[in-house]
Amino acid sequence: MQWFISLDAAWQALLASLLMYAMTTLGASFVFFSKNINKTFLTALTGAAAGIMIAASFFSLLLPAIEYESALPSYITVTLGFLLGGAFIVLSDLALSRTQMQFRAIGDKKNALLFFAVTLHNVPEGMAVGVAFAQGAGAEGALLSAFLLAVGIAIQNFPEGMCVAFPLRMKGMSPARSFLFSQGSGAVEIPACVLGAVAAGAIAGLMPWALAFSAGAMIAVVCSELIPECFSGNKTVASAGVVFGFCLMMILDVALG
């Protein structure tokens, strides 16, 4: 662990991004064994991931952004940054839903939009982790929070990998192609994570904006993708998953951070 702490923030972010990518790949690999997966398990896991990301958005991103010194009052910086992050995801969703392009290699339009939406949403998730590692440089508590954020997103990436691979497989795509498309949607987190760490670390004044932007983007992703997905099934299981995930991240972040 001491070896990891001694690394530069960009290298820490790179290793964390590889963990997140590995979880996407692991989730996608299940497509080789079955066309379907237990829906209750997927609902619980997706709900837990949503809870983890909601807690991480506040404890690992917004709270440090509020406490960070900036030229503007913190409440203005955090509010504007959060709004920009949320707007980025909302506008991206609108652009994707209105496109008329035909993605024949991926299948029908619904699956194509799912693939591109997940891929696009992974960019701010990766940046959020990179920014968190840059913010945690030199402070073990903040570094632990960044690591927990990466773990939370990695957990979320496991069902996400399944959510991309299985619809493609059910539409007749081969297991290998379904797997390749799904793991590819998670690969974008690697450069995004490193970029977030480098950019935020190089420009100190950017830190609170980047933290708040990432938090807004993450909350928007949770609201637009994870919450509707898990609550479309068993609401009781979904609610329990969200509460459990939030409490787990809160306890780990507050108690250990």
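The model is predicted, so local features need pLDDT of at least 70 and side-chain atom pairs count only at pLDDT 80 or more, while totals for chains, interfaces and linings use all residues. Residues are numbered from 1 along each chain as its sequence is written, and side-chain values use heavy atoms, leaving out hydrogens and water.

I begin with two helices, that is, DSSP runs of H or I with at least four residues, numbered from the N terminus. The axes of α3 (residues 39-67) and α9 (residues 207-231) come within 9 Å and cross at roughly 165 degrees. Axes are lines fitted to C-alpha atoms over the stretch in contact, with angles from 0 to 180 degrees between N-to-C directions. The angle therefore makes α3 roughly antiparallel to α9, a term for angles over 145 degrees.

What of the second pair? The axes of α2 and α7 (residues 175-187) come within 8 Å and cross at roughly 160 degrees. That makes α2 roughly antiparallel to α7.

The largest nonpolar core has 40 residues. Such a core is a set of buried Ala, Val, Leu, Ile, Met, Phe, Trp, Tyr and Cys residues joined through side-chain atoms within 4.5 Å, where buried means under 20% relative accessible area with a 1.4 Å probe, protein chains only. Helix α3 gives the most to this core, with 9 residues. L61 is among the residues with the most contacts inside the core, and its partners include L149, L211 and M218.

Note on methods:
Parallel < 35°, antiparallel > 145°, perpendicular 65-115°, else oblique. Buried < 20%, exposed > 50% of the residue type's maximum accessible area, 1.4 Å probe, protein only. Contact = heavy atoms within 4.5 Å. Lists of a residue's contacts leave out its neighbours within four places in sequence.
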